[in-house]
Amino acid sequence: MYSFKKKQIFYFLIPFLFLGDFGFVESEISVQKNRILKEALSAAEKGAYRTAFEKWLPLAKKGNTVAQYNIAVMYLRGDGLQRSNKLALHWLMKASKKGHALSQFTLGRMYYEGMGVLKNYKKSLKWYKKAAVNGHKKAQNNLGLMYFHGVGVKKDRSKAYKWFLESEKNPRI
């Protein structure tokens, strides 16, 4: 039978003593980010766009996809900022590459309608597909429409039907 010395037990337990502390720190950081995101959203809803932008920008630079999307929307609409499709595209791309479905959908729409970019149905299809796979209901429906009408793709009623069904089954609005 092996007997532990006090020093050995202490070194054995060290990794387990700190597991909870790291979890709380991560949770606290998450709570802080959510608080800032909510404060920024509240400011934007009240028309205090400069305040919203100043709260979202540091989070966006650190990779927060919600903040990146919201800044992109501010640039697209010119909410408190000089309208800039280029900067909107920049932030949407960052969020989209990280799997943010609403950003992917917005890119798909921009390319479909030619909003600040040249109309490009192939790129639209690409971003709608990514958003649809990530569960975005409107992207699923729009993909169905593109396949149904043959916009940017060869007409394919079975693919259209598949995406319409996905959209219909999707509980999201």
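Q: How do the residues lining the largest pocket divide by class?
A: The lining has 9 nonpolar, 2 polar and 2 charged residues (Ala, Val, Leu, Ile, Met, Phe, Trp, Tyr, Cys and Pro count as nonpolar, Asp, Glu, Lys and Arg as charged, the others, Gly among them, as polar). The model is predicted: local features need pLDDT of at least 70 and side-chain atom pairs 80 or more, while totals for chains, interfaces and linings use all residues. Numbering starts from 1 along each chain, and side-chain values use heavy atoms, without hydrogens or water.

Q: What volume does the largest pocket have?
A: Its volume is about 220 Å³ (a pocket is an open set of 1 Å grid points where a 1.4 Å probe fits, with protein on both sides within 12 Å along at least five of seven lines; lining residues have an atom within 4 Å of a point). Of the 13 lining residues, Leu41, Trp56, Tyr69, Asn70 and Val73 are the closest to the centre of the largest pocket.

Q: Which helix gives the largest share of that lining?
A: H4 does, with 6 residues. At least two lining residues come from each of helix H2 (19-45), helix H3 (49-61) and helix H4 (65-77) (helices are DSSP runs of H or I, at least four residues).

Q: And the second largest pocket, which residues line that?
A: The second largest pocket, with a volume of about 180 Å³, is lined by Tyr69, Val73, Leu76, Arg77, Leu102, Phe105, Thr106, Arg109, Met115, His136 and Lys138. Two or more of these residues come from H4, and likewise from helix H6 (101-113). By class, this lining has 6 nonpolar, 2 polar and 3 charged residues.

Q: Changing topic, at what angle do H4 and H5 pack?
A: H4 and helix H5 (residues 85-97) pack at about 160°, and their axes are 8 Å apart. H4 is therefore roughly antiparallel to H5 (angles over 145 degrees).

Q: Which residues make that contact?
A: H4 contributes Thr65, Gln68, Tyr69, Ile71, Ala72, Tyr75 and Leu76, and H5 contributes Asn85, Leu87, Ala88, Trp91, Leu92, Lys94 and Ala95 (contact means heavy atoms within 4.5 Å). By class, the contact of H4 with H5 has 10 nonpolar, 3 polar and 1 charged residues.

Q: How do the axes of H8 and H9 cross?
A: Helix H8 (residues 137-149) and helix H9 (residues 157-169) have axes that cross at roughly 160° and come within 7 Å. These two helices, H8 and H9, are therefore roughly antiparallel to each other.

Q: Which residues meet there?
A: Among them, Leu143, Leu145, Tyr147 and Phe148 in H8 meet residues of H9 including Ala160, Trp163 and Phe164. The contact of H8 with H9 has 7 nonpolar, 4 polar and 5 charged residues.

Definitions and conventions:
Points joined across faces, edges and corners; volume = space filled by probe spheres on them. Axes fitted to C-alpha atoms, helices over the stretch in contact; angles between N-to-C directions. Parallel < 35°, antiparallel > 145°, perpendicular 65-115°, else oblique.
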